[in-house]
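Here is a short tour of a protein model, written for someone who likes to have the geometry at hand. Take a look at the sequence and structure, and then we can walk through them together.

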Amino acid sequence: MNIPIDEVVEALVKSKYAIALTGAGVSTESGIPDFRGPSGIWTRNPEAERRAYEVYSLFLRDPRRFWEEYLSTSSILESYIEKAQPNPSHFALAELESMGVLKCVITQNIDGLHEKAGSKNVIEFHGSIYKLRCVDCGARYPKSDFNLIALRDEGKLPPICIMCGGTLKPDVVYFTEPIPRDVIVRSLEEVRKCDVMLVCGSSLVVYPAAELPRLAKRKVPPALIIEVNLEPTPITIEGISDYFLQGRTGEILPKIADGVKKKLMS
Ligand code: APR
Ligand code: ZN
């Protein structure tokens, strides 16, 4: 399939403020399964997805019981993430940032691989498995700062915010949980500023993340939407994407980064 890499490279080099929105598809080549692809976590286990919709209401009802269940069950996703390293998809986006072309990555992923690959301006739209967040003041802490097992054994769950005494939860945003306000404000500001949006490795079925490319497209003038994905998505079908580069992000994004590097050096 002839992929218009040159046109995409041209658009990125000419852009004033290019940003990226990424999903689980950019981390599958690091060994982390996605959710809705052919061998995704939800594809293989729809019951697990149904249960995932109940987690946040348990936390709201009974934070102590939430934490006891959280600590007694190992998350499939977390076991994959702990072993994972960045792949060429992440490194290509980090390189585009270091060349001054890509200004921000808004990621739906909770695996921290964009920062591990060197990206600096990353917005974790669905939070991070490596952090805890206060539901009262929004403060975030490294999860490793807390000995959660000891807190459980001493009957001191849920963990308490050092800043305000509020209740801490994992920073990961659960289904039905609102996206933290600071994340929404920062993300909308990035979308407002962008003239190009790279949308990589997402099925774009989960809102409000899936709204971001649509918002970018509705701007006047509209941002240019460049989609890189193994399969067409709603924004491909609705014509929101100006370019649809079908294939692996681990193969396509490095080609784009190389093309931009060559152009900037010529
Ligand atoms: N290269 C390109 N695309 C890929 C690759 C790859 N190597 N691997 C998978 N994909 C595609 C899949 O075909 C699919 O279209 O990436 C997309 C991943 O979609 P999802 O699994 O739905 O992941 P995502 O869009 O990030 O899900 C959004 O849903 O479960 C929640 O909170 C979770 O953040 C997640 C949100
Ligand atoms: Zn607090």
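This is a predicted model: local features need pLDDT of at least 70, side-chain atom pairs count only at pLDDT 80 or more; totals for chains, interfaces and linings use all residues.

Which parts of the chain does the pair Cys137 and Cys161 link? Cys137 sits in the loop between β4 (131–134) and β5 (140–142), whereas Cys161 belongs to the loop between α9 (148–153) and β6 (168–170). The two residues are 24 apart, and the pair links distant parts of the chain.

## A helix with a buried side

Next, consider helix α5, which covers residues 63–72 and has Phe66, Trp67, Tyr70 and Leu71 buried. Why do these four fall on the same side of α5? They cover an arc of only 125° around the axis, so they share that side. As a general point, an α-helix has 3.6 residues a turn, so residues three or four places apart point the same way.

The cover over the buried residues of α5 includes α4 (55–61) and α6 (76–83), along with β4, α9 and β6.

## Thr236 and its contacts

Further along, Thr236 is found in helix α12 (residues 234–237). Its relative accessible area is 19%, and buried means under 20%, so Thr236 counts as buried. Leaving aside neighbours within four places in sequence, Thr236 is in contact with Glu227, Ser241 and Phe244.

## The protein as a whole

Stepping back, the secondary structure comes to 13 helices and 9 strands. The radius of gyration is 19 Å, close to the 18 Å that the globule rule gives for 266 residues, so the protein is as compact as a globular protein of that length. Along its principal axes, the C-alpha trace spans about 65 × 40 × 30 Å.

Of the 266 residues, 52% are buried. Among contacts between residues at least 6 apart in sequence, 67% join residues at least 24 apart. The accessible surface comes to about 12,700 Å², and carbon and sulfur atoms account for 57% of it.

Technical notes: Residues are numbered from 1 along each chain as its sequence is written. Chains are lettered from A and ligands numbered from 1 in the order in which they are written. Side-chain values use heavy atoms; hydrogens and water are left out. Buried means under 20% relative accessible area, exposed over 50%, partly exposed in between (1.4 Å probe, protein chains only). The arc is that of the directions from the helix axis to the C-beta atoms. Contact means heavy atoms within 4.5 Å. The radius of gyration is taken over C-alpha atoms; the globule rule is 2.2 Å times the number of residues to the power 0.38. Accessible areas come from the Shrake-Rupley method with a 1.4 Å probe; for residues, only the protein chains shown count as cover.
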